[in-house]
Amino acid sequence: MLRTIVVLFLASSVAMAKPVNKLVPEFASDELVMNGVTTSLDGRRFVVVQPQKPGQPEIAEITAGKVRPYPDATWNDWREGQDGRRAFVGANSLRVGPDGALWIVDRGAPGIGKPLAEGGPKLVRIDLAANRVTRVYDLTSVARGASFVDDVRFNGGVAYLTDAGRPALIVLDLSSGQARRVLENHSSTVAVRPLIAEGRELLDSDGRPVVVHADQLEVSGDGRWLYYQPCSGPMFRIGTRFLDDASLDEATLSGHVERFADTPSTGGTAIDAAGTIYVSDTDRSRILTVSATGKVSTLIADPRLAWVDAMWIDDEGRLWMPAAQLNRTRGLNQGKDAVDWPIRLYSIALGVKPVRR
């Protein structure tokens, strides 16, 4: 009798246990390397693309299982030698901002190590209701030479961006459009570890190690902290009040940088409202969580999560993950194309709230 009760109790416990979260395939492409995804409140889906051949868009909207250049073909039709002010030269990341608009980071160059186009480095705001560009923030005053403007996060009237080519953070006043570089060549923005994916160091087409400096960044839900890291880790943080204070010199600002978590080589991150940061481990095809105290744990490990790049948490509490396989593309794989098509977008139900700052 006792054994029967125990068995029934265990069966009941299993039935009531929270189901294991599973990867949900959301979209697949046999042509496009999608390395970032974002969604709007009304369910529209947008991706940033790293074109592998001429004619592919930089930014696309997924509609009825198909992709179309966004906001239009003209913005996705830049050609080498052209001015880069009114077209995407090399879109690197995108996200729906706290204002509901779509924001695009354009590194301003068609690839890693390639020269910047005239007027290329910029932050672009697109009104989703009108499907048109409403403002272009020119970043040429702070992105020059080897600069590779990488990603963006918002905090009230300020945008923070990373420069993965000429290591630094960029602080942009969204009202005035004035930008300044901070923590340039600081130990927290410079990559010192090799960039690893699926057990191998990334090498470019000439066999040289791929180096990606300040890359991923997140702002805490209360706006107090900016978390950031080189692509190969580790993760640091700094109080936003110090970043926003233009009167602080570099030495004083550097003194407020804290090492936060020992993260591995990373494709992309996201943060939820409770302060948990989600980090893709490109070496072991995992998604890690970093708690508000810096503790690192594994959320999910799956070989399908090959180089998950810029992630997104939607308003239904799902974590979106583009398995971009960037490490298998020619530019990061010694000139050899080893992509296992299709490229897929996955989601996983977390039941968390996103940060919308």
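The model is predicted: local features need pLDDT of at least 70, side-chain atom pairs count only at pLDDT 80 or more, and totals for chains, interfaces and linings use all residues. Residues are numbered from 1 along each chain as its sequence is written, and side-chain values use heavy atoms, without hydrogens and water.

**The core.** A nonpolar core is a set of buried Ala, Val, Leu, Ile, Met, Phe, Trp, Tyr and Cys residues joined through side-chain atoms within 4.5 Å. Buried means under 20% relative accessible area, exposed over 50%, partly exposed in between (1.4 Å probe, protein chains only). The largest core has 41 residues, and Leu 102 and Ile 104 touch the most other members.

**Backbone.** Most residues other than glycine have a negative phi, and most peptide bonds are trans. The table lists exceptions.

| Site | Feature | Angle |
|---|---|---|
| Tyr 70 to Pro 71 | cis peptide bond | omega about 0 degrees |
| Gly 233 to Pro 234 | cis peptide bond | omega near -5 degrees |
| Ser 285 | positive phi | phi about 50 degrees |
| Gln 325 | positive phi | phi about 55 degrees |

Ser 285 has 7% relative accessibility, so it counts as buried. Gln 325 has 6%, so it is buried too.

**Leu 248.** This residue lies in the loop between helix H2 (240–243) and helix H3 (250–254). Helices (H or I, at least four residues) are DSSP runs, numbered from the N terminus. Leu 248 is partly exposed because its relative accessibility is 25%. Its C-alpha atom is 9.9 Å from that of Val 182, 66 residues apart along the chain.

Methods. Helix = DSSP H or I, 4+ residues; strand = E, 2+ residues; numbered from the N terminus.
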